Amino acid sequence: MPHRLRSPLICLVLAVGSLAFPGPRRDCCAAEPDPARFSREILPLLSEHCFSCHGPDEGNRKADLRLDTREGALTVLTPGDPAASELLRRIASTDPADQMPPPGGQRHPLSSEQIRQVEDWIAQGVVWGDRKSTRLNSSHLVISYAVFCL
């Protein structure tokens with residue numbers, strides 16, 4: 001086969017293959033755990049609202065609680081069960097004695113949208129990613145390859 005026909009043919013086979021075998025079937029309404037979501041939504045939220053008192057600075061840390069590490073956060077989170085997670089209870093509380101961040105401090109309370117994001121993240125199992133997390137499936141790779149070939 002001539003070399004110039006090999007690349008387009010490979011691209012065509014891969015593109016057709018991705019349509020014929022799209023990967024595992026997913027429930028349309030079920031949210032999948034996404035490590036990149038942690039980096040995009042949860043980490044900035046924790047950093048802005050929580051790390052000044054519950055972060056890496058041992059001198060400023062309150063209640064001996066670290067939320068900047070998965071191990072520390074799991075002491076107040078129950079993966080898959082938002083209702084049993086102390087962190088969610090505290091950030092959603094309107095009681096000044098329980099509310100986090102505490103009223104009158106430097107940090108303002110989380111918005112209802114931010115609380116929903118934390119609740120969804122807990123429900124999905126507290127997937128802890130890092131700043132470099134990404135998710136690709138075979139369809140992404142095939143489409144990327146097909147676009148590159150064309």
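Me: In which helix does Ser47 lie?
Reply: This is a predicted model, and the place of Ser47 in it is a helix that spans residues 35-49.

Me: Is Ser47 buried, partly exposed or exposed?
Reply: Buried requires a relative accessible area under 20%, and exposed requires one over 50%. Ser47 has 37%, so it counts as partly exposed.

Me: How far apart in space are Ser47 and Asp68, C-alpha to C-alpha?
Reply: In sequence, Ser47 and Asp68 are 21 residues apart. In space, their C-alpha atoms are separated by 7.8 Å.

Me: How many helices and strands are there in the chain?
Reply: From the N terminus on, the elements run α-α-α-α-α-α-α. The count for the chain is therefore seven helices and zero strands.

Me: What share of the chain's residues count as buried?
Reply: The chain has 150 residues. A residue is counted as buried when its relative accessible area is under 20%. The share that counts as buried is 29%.

Me: What share of the contacts with a separation of 6 or more comes from residues 24 or more positions apart?
Reply: A contact here means heavy atoms within 4.5 Å. Among contacts in the chain with a separation of 6 or more, residues 24 or more positions apart account for 59%.

Me: Is Arg37 buried or exposed?
Reply: Arg37 is found in helix α2. Its relative accessibility is 9%, and the limit for buried is under 20%. Arg37 therefore counts as buried.

Me: Which backbone oxygen does the side chain of Arg37 reach?
Reply: Beyond four places in sequence, Arg37 touches Ile42, Gln117, Asp120, Trp121 and Gln124. The side chain of Arg37 reaches a backbone oxygen at 3.5 Å, and that oxygen belongs to Gln117.

Me: Is Trp121 buried or exposed?
Reply: Trp121 has its place in helix α6, residues 112-123. Its relative accessible area is 2%, so Trp121 is buried.

Me: Which residues does Trp121 touch, not counting those up to four places away in sequence?
Reply: Trp121 and Pro35 are 86 residues apart in sequence and 9.9 Å apart in space, C-alpha to C-alpha. The side chain of Trp121 also reaches the backbone oxygen of Val127 at 2.8 Å. The residues that Trp121 touches are Arg37, Phe38, Ile42, Leu77, Val126, Val127 and Trp128.

Me: Which residues do ring pairs link into a cluster?
Reply: A search of the whole structure finds three aromatic pairs. In the pair of Trp121 and Trp128, the ring centres are 6.0 Å apart and the planes are at 45 degrees, so this pair is tilted. Trp128 is partly exposed, with a relative accessible area of 22%. The cluster linked by ring pairs consists of Phe38, Trp121 and Trp128.

Me: Which element gives the most to the lining of the largest pocket?
Reply: The largest pocket holds about 380 Å³ of space. The elements that give two or more residues to its lining are α3 (51-54) and α5 (86-92). With four residues, the element that gives the most is α5.

Me: How many of the residues lining the largest pocket are charged?
Reply: The lining of the largest pocket has 20 residues, of which Cys53, His54, Met100, Pro101 and Pro102 lie nearest the centre. Eleven residues of the lining are nonpolar and five are polar. The number of charged residues is four.

Definitions and conventions. Residues numbered from 1 in each chain as written. Predicted model: local features only at pLDDT ≥ 70, side-chain atom pairs only at ≥ 80, totals over all residues. Heavy atoms only, no water. Buried < 20%, exposed > 50% of the residue type's maximum accessible area, 1.4 Å probe, protein only. Polar contact = N/O pair within 3.5 Å; in protein donor to acceptor, adjacent residues only side chain to side chain. Phe/Tyr/Trp six-rings, centres within 6.5 Å; stacked < 30°, edge-to-face > 60°. 1 Å grid on protein atoms, 1.4 Å probe; cavity = no way out; pocket = protein on both sides within 12 Å on 5 of 7 lines; lining within 4 Å. Points joined across faces, edges and corners; volume = space filled by probe spheres on them. Nonpolar A, V, L, I, M, F, W, Y, C, P; charged D, E, K, R; others polar.
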